[in-house]
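Here is a short briefing for someone meeting this structure for the first time. Please keep the model open as you read.

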Amino acid sequence: MMESGLYIHVPFCASKCDYCDFYSHSDAALRSDYIDALLLEMQTEAAFLSAGKPMLRTIYFGGGTPSMLSEAEFERIFEGIRCYYDLSLCEEITLEANPDDLTIDAIQALRRLPFNRISIGIQSLNDAELRAIHRRHTAAQALEAVHACAAAGFQNISVDLMYGLPEQTVEQFEESLRQVLNLPIQHISSYALSWEEGSVLYAKRMKGLLKEADDAFLETCYHLLASRLAEKGFERYELSNFAKPGFVSKHNSSYWDGRWYLGLGPSAHSYNGVERRMNVASTKRYIQSLRNGKPDREVEPLDHYTRYNDYIMTRLRTMAGFDVREMEADFGVRLRYYCMQQAKKSLHSGLLLYENFRLRLSDKALFVSDSVLSDLIWA
Ligand code: SF4
């Protein structure tokens with residue numbers, strides 16, 4: 001039986017960050033009903049992965065702000081997971097955490113729970129930048145949180161770092177990066193700020209109150225990031241993810257490797273090779289629909305070409321790329337031929353590389369990967 005991933009979306013946040021377009025809200029009164037619904041969903045949906053108790057390889061609590069949950073709430077959730085899933089081969093259990101939640105008491109509680117990986121949303125170590133995106137924590141809190149997690153015994157710590165923040169200079173980003181690289185961490189996810197329609201930042205930009213960083217700025221930060229991380233022994237294994245040897249995120253890698261996963265909670269996505277499902281992005285409707293025994297979700301059956309497009313878009317995000325012979329085994333000689341024909345332009349310009357039957361992005365392509373990938377998809 002193939003081992004799968006379990007994602008649990010915790011939709012609560014104490015306040016909304018200005019760039020955020022994830023499904024989250026501050027209605028904490030729904031917490032208890034949400035957990036009841038989650039337990040119901042984890043029982044009834046286990047069959048999405050396999051008959052019997054699905055074997056889990058990874059569990060990931062994302063959000064929202066999962067670190068807002070109490071020890072007792074986590075215990076209830078883990079009790080349910082143990083009841084309906086087989087954890088005997090489970091290798092990685094990650095909690096996404098906000099620095100302001102990581103008090104000494106909270107970290108001690110997390111150590112008593114089964115988490116063996118913690119992913120901390122630092123985003124920046126500059127207080128003015130943090131205020132500009134309406135994060136709740138300060139740079140000092142972020143530094144303390146990481147050190148406290150390491151001191152408490154977490155040996156697999158990841159941090160998120162953003163660039164292209166409002167009014168950010170290259171020097172400021174470099175300084176945040178310098179401090180991050182002095183932390184006891186094993187993994188970094190670093191992304192350019194994305195100006196999502198519907199977010200507060202987007203509205204401010206539309207009113208002319210803020211300006212988006214230009215491509216030259218983002219490219220400078222991107223290359224700075226890659227070179228500083230390489231000097232410190234972090235390997236890039238995906239466009240935005242870097243790890244010390246042995247600390248690649250197993251859960252996130254499973255998305256890029258096409259493993260099956262079940263997403264529980266409002267707005268969570270699931271995939272089992274045959275269909276993709278998206279839970280309703282409303283905690284109230286999520287709870288009500290599970291109570292009624294009619295989960296509110298969209299289901300998208302995956303045809304041959306959609307699966308091929310997913311394959312290209314996920315495998316080529318990784319530095320390893322993919323073996324075209326394996327791709328042919330899944331999708332047939334016609335799509336292999338199509339893929340290689342479409343790849344010609346980027347192979348010629350050096351944006352794609354083809355070695356030992358593997359197709360992958362070159363270093364030159366990492367900043368312009370979207371256009372390279374879009375050439376290969378089946379339109
Ligand atoms: S903590 Fe995360 S999920 Fe919550 S508002 Fe901020 S970015 Fe969004």
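**Helix H1 against helix H10**

Helix H1 (residues 31-44) and helix H10 (residues 283-291) have axes that come within 9 Å and cross at roughly 50°. The two helices, H1 and H10, are therefore oblique to each other. Keep in mind that this is a predicted model.

- H1 passes H10 in a left-handed crossing.
- On the H1 side, the contact uses Asp-33, Tyr-34, Ala-37, Leu-40 and Glu-41.
- On the H10 side, Thr-283, Tyr-286, Ile-287 and Leu-290 meet them.
- Sorted by class, the contact of H1 with H10 has 6 nonpolar, 1 polar and 2 charged residues.

**Helix H6 against helix H8**

- The axes of helix H6 (residues 170-180) and helix H8 (residues 215-231) come within 10 Å.
- These axes cross at roughly 25°, so H6 and H8 are roughly parallel to each other.
- The crossing in which H6 passes H8 is right-handed.
- H6 brings Val-170, Phe-173, Glu-174 and Leu-177 to the contact.
- H8 brings Phe-217, Thr-220, Cys-221, Leu-224, Leu-225 and Arg-228.
- The residues where H6 and H8 touch divide into 7 nonpolar, 1 polar and 2 charged.

**Helix H13 against helix H14**

- Helix H13 (residues 333-348) packs on helix H14 (residues 369-376) at an angle of about 150°, and their axes are 8 Å apart.
- That angle makes H13 roughly antiparallel to H14.
- H13 and H14 have a right-handed crossing.
- Cys-339, Gln-342, Ala-343, Lys-345 and Ser-346 are the H13 residues in the contact.
- Their counterparts in H14 are Val-372, Asp-375 and Leu-376.
- By class, the contact of H13 with H14 has 4 nonpolar, 2 polar and 2 charged residues.

**Strands**

- An open sheet of 3 strands has the order E13-E15-E14, with antiparallel pairing.
- Strand E13 (322-323) and strand E14 (352-355) stand at the edges.
- Each of these edge strands has a single partner strand, so one side of each is left without a neighbour in the sheet.
- E13 is joined by 2 bridges to strand E15 (residues 358-361), and the two run antiparallel.
- Phe-322 has Leu-359 in E15 as its bridge partner.
- Elsewhere, strand E7 (residues 235-238) pairs with strand E8 (residues 241-243) over 3 bridges, in the antiparallel sense.
- The hairpin that joins E7 to E8 runs through 2 residues.
- Glu-235 has Ala-243 in E8 as its bridge partner.

**Ligand surroundings**

- Which residues surround the ligand? They are Cys-13, Lys-16, Cys-17, Cys-20, Phe-22, Ser-24, Gly-63, Gly-64, Thr-65 and Asn-98.
- This shell around the ligand has 4 nonpolar, 5 polar and 1 charged residues.

**Backbone details**

- A cis peptide bond joins Gly-63 and Gly-64, with omega at about 15°.
- Both Gly-63 and Gly-64 are among the residues around the ligand.
- Gly-64 is found in the loop between strand E2 (56-63) and helix H2 (71-84).
- Gln-123 is not a glycine, yet it has a positive phi of about 70°.
- Gln-123 lies in strand E4 (residues 117-123).

Terms used
Residues numbered from 1 in each chain as written. Predicted model: local features only at pLDDT ≥ 70, side-chain atom pairs only at ≥ 80, totals over all residues. Near = placed C-beta within 6 Å. Nonpolar A, V, L, I, M, F, W, Y, C, P; charged D, E, K, R; others polar. Axes fitted to C-alpha atoms, helices over the stretch in contact; angles between N-to-C directions. Helix = DSSP H or I, 4+ residues; strand = E, 2+ residues; numbered from the N terminus. Parallel < 35°, antiparallel > 145°, perpendicular 65-115°, else oblique. Left-handed = near helix turned anticlockwise from the far one by under 90°. Contact = placed C-beta atoms within 7 Å. Pairing = 2+ DSSP bridges.
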